[in-house]
Amino acid sequence: MVPVDAAVTAQVLTTALDIVSAPDLVTAASRLGWIVDRLSAFRPLALRAPLLTSRLSAPLAAAVLRARKSHFSVARRLKYTTSTLYKRRADRSLTTPDERAARLPALLWPRLSIPLIPEPDRGARRWRLALPACLLLTGGQTTCQRAVDLLGFPAHHRGALFYTHAKINTHPACIAILDALSELAEHLNQHPSPIDYARRRAVFANQEEFITLHHWSSLRTRRQSDLAQAHIHAQRWLYEALTGNPAEIAPSQIAANDFRSRTAYSTFRMRLLPSETKLLQEAGADLLHINGIDEPLTWQPTFRFSPDQLAALPGRDPDDIDIATVHQAFLQDKYPSAKQIATACGTTSEHIRYILDEHPIDRPILTISSRGGRVHRS
């Protein structure tokens, strides 16, 4: 046994020297891999993350956590940021989860969420609901349940978070997605939103009316076949802009909580004229002023994924799509749908909705019916 023990000891010492002399964290973690795999098989308790981070130096703990990342759940990988060059112990010195949640919308900004979603036309809604909670988990000290609660979601929305974690864990771009989330979370720690979403949720989340039917009809620049339905969509638009929440968790009178109402609302947003968008923005700004809130109506971080990250992420960068091409395809169709325009432009419906939401276009005046947003020329 002595020669065997000596050989093992020599191998361990050689590996230790290799790890210490590694030029960077990625290399150190790679060299640690075989030791971590064997300890995981024979002494799994020795590699529990809390034990590692309490007994090892920060650089060594980071290397071991990265080497052990395949043994962690997505939640733990986000907590310890094992996928990125920001690897560290979960940091208690960061702003608290409550403070971070206060600066996050419950529905993540589409410009940053779309590249993270593998199939934007399938399950995109669940992904966008789950990604803000993933950001709260990143590098911090909170749980999945607490993250969902802090963002104001009903308990059953945990399902969207667990669904997304499962999809991330099995996707070929898993590392790229976790890397992007960790870097975005780091950016938001350094450059938080000027909007206090927690205050806005407290003020507006349970409000049942944001604009009266009379006021909405007086603002309209076109005639509609169902003014009452369009009024509900306008309420949903203002609810989302003011709270950062998705319309599906709005008060029941205006909630878009089934497939049909979500589709009709998406169609309404996509077909808003620039003048109508401006009127809604002004109405939202007025509501903020009335409630003593001195903030922009909406905001997006300046953070950009790098070209290398975008190449590795599953979704296409929405800013890579030519706006004029989308507008042209939109105007060529008598009854344009996001799917038809997406097919013409070689992209997805989510990308088209984002482009038209950010860059609405003038066109011949249309009337909108309540049946799935079908339109008629007036």
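Author: The residues lining the largest cavity divide into 7 nonpolar, 1 polar and no charged, where Ala, Val, Leu, Ile, Met, Phe, Trp, Tyr, Cys and Pro count as nonpolar, Asp, Glu, Lys and Arg as charged, and the others, Gly among them, as polar. The model is predicted, so that local features need pLDDT of at least 70 and side-chain atom pairs count only at pLDDT 80 or more, while totals for chains, interfaces and linings use all residues. Residues are numbered from 1 along each chain as its sequence is written, and side-chain values use heavy atoms, with hydrogens and water left out.

The lining consists of Leu129, Ala130, Ala133, Val148, Phe153, His157, Ala160 and Leu161. H8 and helix H10 (158-170) are the elements that give two or more residues to this lining, and H8 gives the most, with 3 residues. Helices (H or I, at least four residues) are DSSP runs, numbered from the N terminus. The largest cavity holds about 50 Å³ of space, and the count of cavities of 30 Å³ or more comes to 2. A cavity is a set of points on a 1 Å grid over the protein atoms alone where a 1.4 Å probe fits but cannot get out, and lining residues have an atom within 4 Å of a point. Grid points are joined across faces, edges and corners, and a volume is the space filled by probe spheres set on the points.

H8 (residues 124-137) also packs against helix H11 (residues 174-190): their axes come within 10 Å and cross at roughly 60 degrees. Axes are lines fitted to C-alpha atoms over the stretch in contact, and angles run from 0 to 180 degrees between N-to-C directions. H8 and H11 are therefore oblique to each other, as angles under 35 degrees count as roughly parallel, over 145 as roughly antiparallel, 65 to 115 as roughly perpendicular and the rest as oblique. Their crossing is right-handed, the near helix being turned clockwise from the far one by less than a right angle. From H8, Trp127, Leu131, Cys134 and Leu135 meet Ile177, Leu181, Leu184, Ala185 and Leu188 of H11, contact meaning heavy atoms within 4.5 Å. By class, this contact has 9 nonpolar, no polar and no charged residues.

Elsewhere, the axes of helix H12 (residues 197-204) and helix H14 (residues 227-243) come within 8 Å and cross at roughly 140 degrees. Here Tyr197, Arg200, Arg201 and Phe204 in H12 meet Tyr239, Ala241, Leu242 and Thr243 in H14. These residues divide into 5 nonpolar, 1 polar and 2 charged.

Key: 1 Å grid on protein atoms, 1.4 Å probe; cavity = no way out; pocket = protein on both sides within 12 Å on 5 of 7 lines; lining within 4 Å.
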